[in-house]
Amino acid sequence: MASLPTKALSFVFCMLFLLSFLFLSCSVSSASRVSSSSSKYDDGDTQKVQLGLYYESLCPYSANFIINYLVKIFEDDDELFSIVDLHLSPWGNAKINHTDNTTTTTFTCQHGPSECLLNTVEACAIDIWPEVTEHFPFIYCVESFVYEHNYTQWETCFDKLGLDSKVISDCYTSGYGKKLELQYAAETNSLKPPHTYVPWVVVDGQPLYEDYENFISYICKAYSGSAVPKACSNISLNTIDRKQRANPIRPVCYKDATLSTRIRSAVLSWMRKANLAASM
């Protein structure tokens, strides 16, 4: 009689082992399906075109590009946005101040302290709201005020968009925003070829130079996926040779302020020679 409970107990253990094996097999199979699904998603995601904008907040040409051109990728029911991986880098032509007498790193912005402030604010926004669809509306709002020559009203963007201003304030006052800016500085300064002005627009690692307003054509040309947006069927893909253009045809904020002066001097010199030749 004592052997009966032992047999029963062995039977129970065997059943538990069998059930555990079946459960583990189902789990592995389910995980495999999830992994397969994720791989398909990742494969589709790698077909996105990388679009980078290197800019500074108070450059009027950066603001113009953001609110009148870049915003177009969110139009057409977001079809174009679905094939784009947009990266914003708010540093531009700012410079890090290197001094031997202090361990504190500071930087100078091309359009003064207000630009340093807004560059950092926008860097904080990108960090706090990492999804492009979350931080772009805020940056768009701020740059709209810049475009309208009324950038001092940028804080009203919080109320307009229903955003918490405290998280941005904490990011800025804590010094974390400064760390973010230094990261963008390193990123911008490592561009190859180096940027010489802003806005500096890059598609799949290739700068568009002065043809940056035509960026959608380059996106469409670079896209290798099958789900071609309507925007690509309605646009000419005859992009220009970016390296052959000698002089910019669109206004930019030069990294080296003396460069724009030299270009203007060269143009004026050429015009004077042309007028002189015409009068002879």
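The questions and answers that follow take up confidence, disulfides, one serine and a pocket in this predicted model.

Student: What average pLDDT does the chain have?
Tutor: This is a predicted model, and pLDDT is the predictor's confidence in each residue, from 0 to 100. Of the residues, 68% score at least 70. For the chain the average pLDDT is 80.

Student: Over which residues does pLDDT stay under 50 while the model has zero contacts beyond four places in sequence?
Tutor: Where pLDDT is low, the predicted coordinates should not be read in detail. One stretch with pLDDT under 50, residues 259–271, has four contacts beyond four places in sequence. The stretch with pLDDT under 50 and zero such contacts is residues 11–44.

Student: How many disulfides does the chain have, and in what pattern are the bonded cysteines joined?
Tutor: A pair of cysteine sulfur atoms counts as a disulfide when the two lie within 2.5 Å, and by this rule the count comes to five. With the bonded cysteines counted along the chain, the pattern is 1-10, 2-3, 4-7, 5-6, 8-9.

Student: How many residues apart are C59 and C253, which form a disulfide?
Tutor: The sulfur atoms of C59 and C253 are 2.2 Å apart, and the link, with 100° about the S-S bond, is right-handed. C59 sits in the loop between strand 1 (49–55) and helix 2 (60–68), whereas C253 belongs to strand 8 (residues 253–254).

Student: Are C59 and C253 buried or exposed?
Tutor: A residue is called buried when its relative accessible area is under 20%. The value for C59 is 0%, and the value for C253 is 7%. Because both values fall under that cut-off, C59 and C253 are buried.

Student: Is the disulfide of C141 and C157 left-handed or right-handed?
Tutor: The sulfur atoms of C141 and C157 are 2.1 Å apart, and both cysteines are buried. The torsion about their S-S bond is about -90°, so the disulfide is left-handed.

Student: Which elements does the pair C141 and C157 link?
Tutor: The two cysteines are 16 residues apart, and the pair links distant parts of the chain. C141 lies in helix 4 (residues 132–147), and C157 lies in helix 5 (residues 156–161). The elements are therefore helix 4 and helix 5.

Student: What is the torsion about the S-S bond of C109 and C116?
Tutor: C109 and C116 form a disulfide with their sulfur atoms 2.1 Å apart, and both of these cysteines are buried. Their link is right-handed, with a torsion of 115°.

Student: Which residue's backbone oxygen does the side chain of S144 reach?
Tutor: S144 lies in helix 4 and is buried, with a relative accessible area of 15%. Its side chain reaches a backbone oxygen at 2.8 Å, and that oxygen belongs to Y140.

Student: Which element gives the largest share of the lining of the largest pocket?
Tutor: About 250 Å³ of space lies in the largest pocket, which is lined by 15 residues, with D85, L86, P130, E131 and V132 nearest its centre. Strand 2 (84–90) and helix 4 are the elements that give two or more residues to the lining. The largest share, five residues, comes from strand 2.

Definitions and conventions
Residues are numbered from 1 along each chain as its sequence is written. Side-chain values use heavy atoms; hydrogens and water are left out. Contact means heavy atoms within 4.5 Å. Helices (H or I, at least four residues) and strands (E, at least two) are DSSP runs, numbered from the N terminus. Buried means under 20% relative accessible area, exposed over 50%, partly exposed in between (1.4 Å probe, protein chains only). A polar contact is a pair of N or O atoms within 3.5 Å; within protein, one must be able to donate a hydrogen and the other to accept it, and residues adjacent in sequence count only if both atoms are side-chain atoms. On a 1 Å grid over the protein atoms alone, a cavity is a set of points where a 1.4 Å probe fits but cannot get out, and a pocket is an open set with protein on both sides within 12 Å along at least five of seven lines; lining residues have an atom within 4 Å of a point. Grid points are joined across faces, edges and corners, and a volume is the space filled by probe spheres set on the points.
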